[in-house]
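User: I'm new to this structure and would like a close look at one part of it. Could you walk me through the aromatic rings and their surroundings?

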Amino acid sequence: DVDEGVAELRQAIRIRPQYSRNYMTLGLVYYRAGRYREALEPYRRASELQPTEAGPFSSLGTIYHRLGEIDRAIGYYEHAVRLGPNAAAHANLALAYYTVTRYDDALQEYQASLSANPRSAFNRRNIGDVYQRLKQPEKARAEYEQAITIGNELVKVNARDFRTIALIALCEAKLGRRADAERHAAEARAIGPADRETLQRIAEVHARLGHTATALKDLEAAIARGYARKEARENDELAPLRKLPAFVALVAEPRDSTNR
């Protein structure tokens with residue numbers, strides 16, 4: 001219940017208007033709900049209250065990235081890295097560079113993020129994607145293998161980590177391991193049926209495996225939970241679906257859309 005959550009956070013802000021974490025939490029609620037423009041105001045306020053902290057600026061970059069304002073997003077990400085180099089800030093900047101096809105820069109930033117957090121399965125997958133763009137398939141495969149290995153170790157610690165299970169499935173699909181990918185995609189959906197990121201990821205898995213109807217169903221569920229249609233249109237993993245009329249209709253922007 002997003003609106004009830006927002007109301008409680010607004011009340012918390014009224015009680016402690018100088019406490020930046022309440023603004024960050026409010027921004028995150030809007031972000032998770034796909035209400036990106038509404039997330040800008042609380043993140044900006046957090047950046048004013050904590051001008052030397054990287055987090056609010058990195059979050060602003062993420063919102064502008066979601067809104068398709070990539071140059072502005074890069075500016076915020078680069079400022080976040082300057083203020084406090086950390087794994088998330090470097091990874092966000094890397095993704096922005098990847099989006100504008102600055103692949104060498106993206107690789108450098110992902111590697112910086114990995115240095116700060118060596119146990120990141122997500123960074124390993126992302127580095128694999130960069131190597132694919134740089135036409136270095138063997139290096140890409142090695143990174144996908146590492147992502148699977150690290151992911152399985154993480155799942156041993158938390159068996160209900162559905163996002164990591166979905167990521168494992170995607171990497172397995174990239175490596176052509178169809179049965180494993182299908183099994184892990186089904187597991188991720190079973191234990192994370194309402195999670196936007198998980199639904200997006202398993203839609204990507206099924207798109208890669210050629211399961212068109214299932215991919216569209218999962219993508220529709222992800223969009224209903226806030227996954228931006230623009231992102232879906234530009235998502236490389238969903239490329240096998242792009243010429244399908246059902247996909248085109250699903251990712252078309254509603255005429256009354258104002259938040260994305």
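Analyst: The model we are looking at is predicted. The partner of Tyr64 is Tyr76, and their ring centres lie 5.6 Å apart. Their planes meet at 0°, under the 30 degrees that marks the limit for stacking, so the pair counts as stacked. Tyr64 belongs to helix H4 (residues 54-66) and Tyr76 to helix H5 (residues 70-83), so to speak of this pair is to speak of a link between distant parts of the chain, with 12 residues from one tyrosine to the other. Tyr76 is partly exposed, at a relative accessible area of 21%.

Now let's turn to another pair. A search of the whole structure finds 3 aromatic pairs. One of them joins Tyr31 and Tyr36, whose ring centres are 5.9 Å apart. Here the planes stand at 45°, so this pair is tilted. Tyr31 is buried, with a relative accessible area of 12%, and Tyr36 is buried too, at 0% relative accessibility.

Tyr31 has a charged neighbour as well. The charged end of Arg196 sits over the ring of Tyr31, 5.1 Å from the ring centre.

Key:
Residues numbered from 1 in each chain as written. Predicted model: local features only at pLDDT ≥ 70, side-chain atom pairs only at ≥ 80, totals over all residues. Heavy atoms only, no water. Phe/Tyr/Trp six-rings, centres within 6.5 Å; stacked < 30°, edge-to-face > 60°. Buried < 20%, exposed > 50% of the residue type's maximum accessible area, 1.4 Å probe, protein only. Helix = DSSP H or I, 4+ residues; strand = E, 2+ residues; numbered from the N terminus. Lys NZ or Arg CZ within 6 Å of the ring centre and 35° of its normal.
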